Amino acid sequence: MSAKIVAVANQKGGVGKTTTSVNLAACLAEGGHDVLLIDLDPQANASSALGVEAVDGRSIYGALLDGAESDPLPALIQPTAYERLSIITAEQDLAGSEVELAPHDDKLHRLRRLLERHVGQQERQGYVLLDCPPSLGILMTNALAAADSILVPLQCEFLALDGLAKILKMIEKIKAATGHEQLALEGIVLTMYDSRTNLSQQVVNDVRQVLGSQVFQTIIPRTVRLGEAPSFGQPIIAYDPNGIGAQSYRELAKEFLGRQPGAR
Ligand SMILES: Nc1ncnc2c1ncn2[C@@H]1O[C@H](COP(=O)(O)OP(=O)(O)OP(=O)(O)O)[C@@H](O)[C@H]1O
Ligand SMILES: [Mg+2]
């Protein structure tokens, strides 16, 4: 396969999955990499955060249900306003796939097969980012079954370590359920860091103590601009290109790339 598939996942809601998917994708594309972002959350937040309208019938939903042998992705992929960054948007119907896929024996591997067929045909090295919904359902399991690695945004908040333990357990469960033992932990990204509180610093220390180098050095601060950018349909590097939010996500992209095998 010529593209690396990274699931951005955490079963907890509101921890910065979509913000990280959208902004890491935009920064990787800015750095010269081809990136496809797949919005797997029926809320379609990643789609709107990139200013792409989530049109019915253009999400991955139909392709997941169809199970056909062809490669339906080219018809679903939409360009964004940003060079090298494309997207498959979400739609409300995606929520139905939890129930509709349930009777199928291969329900956990549908996305994997779609991506294998598609990515195998791409010539250029690139990245596919999967923005997962917060619930631990068939969509998220499909994402982890299809991914080479999982990147976990973790909010700097009270009980973050409890959340982390749950996530690590969840990853092991999904590996067992899908038989995908090679799923790697890309890393933990600490998000919404508030430098004014001791709690944030405490969370950083605790998480680093437990997971060491699996935690990205780059920490994403809580900033007003990062919270505002989605409502303008822009990634932070377009909305506030010189602010601390843009700086942090560029830094994260750099660190992410530096961790890839073969990186210099
Ligand atoms: N670093 C940040 N600074 C300020 N606001 C942020 C930051 N990261 C995320 N937010 C805001 O917090 C909210 C939750 O973030 P986001 O949507 O990225 O989380 P999520 O994990 O994708 O949520 P869900 O589980 O609902 O999909 C959003 O309103 C987002 O704009
Ligand atoms: Mg989200």
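Biologist: How many helices and strands does the secondary structure of the chain come to?

Modeller: The model is a predicted one. In it, the chain has 12 helices and 7 strands.

Biologist: What share of the residues is buried, and what share of the contacts joins residues 24 or more positions apart?

Modeller: Of the 264 residues, 53% are buried. Among contacts with a separation of 6 or more, 80% are between residues 24 or more positions apart. The accessible surface comes to about 11,800 Å², and carbon and sulfur atoms own 51% of that surface.

Biologist: How many charged side chains are there, positive and negative?

Modeller: There are 23 positive and 31 negative side chains. The centres of these two sets lie 6 Å apart.

Biologist: In what order do the strands form the sheet?

Modeller: The order is β3-β4-β2-β5-β1-β6-β7, in an open sheet of 7 strands with mixed pairing.

Biologist: Why are β3 and β7 called edge strands?

Modeller: Strands β3 (78–79) and β7 (184–191) each pair on one side only. Strand pairing in general goes through backbone hydrogen bonds and is either parallel or antiparallel.

Biologist: How do you know that β2 pairs with β5 and with β4?

Modeller: Two strands pair if there are at least two bridges between them. Strand β2 (residues 34–39) has 6 bridges to β5 (residues 126–131), and the two run parallel. Strand β2 also has 4 bridges to β4 (residues 85–88), again in the parallel sense. Both counts meet the cut-off of at least two, so both are pairings.

Biologist: Which residues stand opposite each other in these pairings?

Modeller: V35 has Y127 in β5 as its bridge partner. On the β4 side, L36 stands opposite S86, and L37 stands opposite I87.

Biologist: What makes β2 a mostly covered strand?

Modeller: Of the 6 residues in β2, 5 are buried. In β4, L85 and I87 point one way while S86 and I88 point the other way, and all of them are buried.

Biologist: How do you know that β3 and β4 pair?

Modeller: They share 2 bridges, in the antiparallel sense. The cut-off is at least two, so 2 bridges are enough. P79 has S86 in β4 as its bridge partner. The hairpin of β3 and β4 has 5 residues between the strands, and R84 takes a positive phi near 70° there.

Biologist: In which sense do β1 and β6 pair, parallel or antiparallel?

Modeller: Strand β1 (residues 3–8) and strand β6 (residues 149–155) pair in the parallel sense, over 3 bridges. V8 stands opposite L151 in β6.

Biologist: Why is F256 called buried?

Modeller: Buried means under 20% relative accessible area. F256 is at 0%, so F256 counts as buried. This residue is found in helix α12 (residues 244–258). Leaving aside neighbours within four places in sequence, F256 is in contact with V6, L24, L28, Y127, L151, E186 and F216.

Biologist: Why is K175 called buried?

Modeller: K175 has a relative accessible area of 13%, and the cut-off is under 20%, so K175 is buried. K175 is found in helix α8 (residues 160–178).

Biologist: What makes I237 buried?

Modeller: The relative accessible area of I237 is 12%, which is under 20%, so the label is buried. I237 lies in helix α11 (residues 236–239). Apart from residues up to four places away in sequence, I237 touches A26, C27, E30, A246 and R250.

Biologist: How far apart are I237 and Q214 in sequence and in space?

Modeller: They are 23 residues apart in sequence and 26 Å apart in space, C-alpha to C-alpha. For F256 and Q155, the values are 101 residues in sequence and 18 Å in space, C-alpha to C-alpha.

How values were computed:
Residues numbered from 1 in each chain as written. Chains lettered and ligands numbered in written order. Heavy atoms only, no water. Buried < 20%, exposed > 50% of the residue type's maximum accessible area, 1.4 Å probe, protein only. Contact = heavy atoms within 4.5 Å. Areas by Shrake-Rupley, 256 points an atom, 1.4 Å probe, with all protein chains shown as cover. Lys, Arg positive; Asp, Glu negative; His and termini not counted. Charge placed at Lys NZ, Arg CZ, Asp CG, Glu CD.
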